[in-house]
Amino acid sequence: MAEDGRRGDEGERGPGALYQMFVTMEDLLDKLQLMNYEESLIRKNNMKPLSRHYFALPTNPGEQFYMFTSLAAWLLNQTGRTFEQPQEYDDPNVTITNILTELRALGGSVDFPPNKLKQGYGEQVCYVLDRLAEEALKCTGFNWKRPVYPAEEMEEEALIEDDAELTLNKLHDELIETEDYEEGEPFLDLEILKAQGQNTEGIECSKPEEILESTTDAAEWNLEVERVLPQLKVTIRTDNKDWRIHVDQMHQHKEGIETSLKETKSYLDKLQDEISRTLEKVSSREKYVNNQLENLIQDFRAAQAQLSEAKDRYQQGSGGVTERTKLLSEISEELEKVKQDMEEKGSSMTDGAPLVKIKQALTKLKQEITQMDIRIGVVEHTLLQAKLKEKSNMTRDMHATNIPETTIGGY
């Protein structure tokens, strides 16, 4: 399924999307070199310098992730923001979250899951670092200038003349250059002859009707030939680019190589014999050393296997440790809350102010009770007096009614 999704993304973005991170990584390295990161970061923290495709290819995920976080922190500090240098045992999820938060604050878009950065390499890592480097360059005041293209040179084929072809102009130039060492020897001016030949070509030659016969004397012709003969001499300077000279040089070099080969062949044979004997000694010594160290090599391989197993267990344990540290932090937070509640309750229990208030309330209640008792006693006394008065009135009324009856009976 993952392969199908990746192929779908490649089809949408084009076939060159796989190699875009290599281009981004090269641009990132150029930007880092412009900011002199080797002096400010690499040598200061004793790190290895980055290669052209360091974050594009997987080599060592742990080392690459640490380099990624360190470089991101340095770039964020270059932009003017305060970001602490991550340590080796920090929580990777928290570090990645902080980096992406700062990137969003700088205006960068993050449309990928944060887990892509945990592996320490890939297209997302190159994108984040390149975006931070661009912001750092903006903060440092760096501006890209227009490229200066070199002037195109003319094709050499149009300028170089064929050295093998002997032309009249070249002969004329060479003859002028050799005037100093020819000691004034007369020479034939070929340019004048060429001009005369061109002039005679334009004149229409008339076809003779009869056979031409020379009227010049042979003795005078010979004298004229002897007089003009020195002027007909053409001196041509040898050119090192001529193929004939190259062939002669090749033959000379061949003869020199053959003569030197005869002298050095014996030395080379002796050297070959010595090298072969030395190689046999080295091979025999190597076999002896391998036989002697075979047990140690086996122990070393076993130790390497144990080390790899221990590293696997350590990685598994480190993953569990991170989860348990999270759980421990949550439990510690809850424990702090419980401690605060207990302290508040304990402080409220040991405080004497409520007890004093209760005592005051009790004394006030007792006073009110005594007042109520007094009022009740007064009311009871009043009622008793009223009852007694009523009773006395009743008895008086009864006596008053009895007295008239007695008087009536006496009469």
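Analyst: Leaving aside residues up to four places away in sequence, Asp130 touches Thr24, Asp27, Leu28 and Lys31, where a contact means heavy atoms within 4.5 Å. Asp130 itself is found in helix α7, which covers residues 123–139; helices (H or I, at least four residues) are DSSP runs, numbered from the N terminus. With a relative accessibility of 14%, Asp130 counts as buried, a word that means under 20% relative accessible area, with exposed being over 50% and partly exposed in between, using a 1.4 Å probe and protein chains only.

This is a predicted model, in which local features need pLDDT of at least 70 and side-chain atom pairs count only at pLDDT 80 or more, while totals for chains, interfaces and linings use all residues. Residues are numbered from 1 along each chain as its sequence is written, and side-chain values use heavy atoms, with hydrogens and water left out.

Turning to the aromatic rings, the structure holds three aromatic pairs. Rings of Phe, Tyr and Trp (its six-membered ring) pair if their centres lie within 6.5 Å, and planes under 30 degrees apart count as stacked, over 60 as edge-to-face and the rest as tilted. One of these pairs joins Tyr54 and Phe55 in an edge-to-face arrangement, at 4.9 Å centre to centre with 90° between the planes, and both Tyr54 and Phe55 are buried. The pair formed by Phe65 and Phe68 is tilted, because the ring centres are 6.5 Å apart and the planes lie at 45°. Phe65 and Phe68 are three residues apart in helix α4 (residues 61–78), so about one helical turn separates them. Phe65 counts as buried at 15% relative accessibility, and Phe68 is buried with a relative accessible area of 0%.

How values were computed
Helix = DSSP H or I, 4+ residues; strand = E, 2+ residues; numbered from the N terminus.
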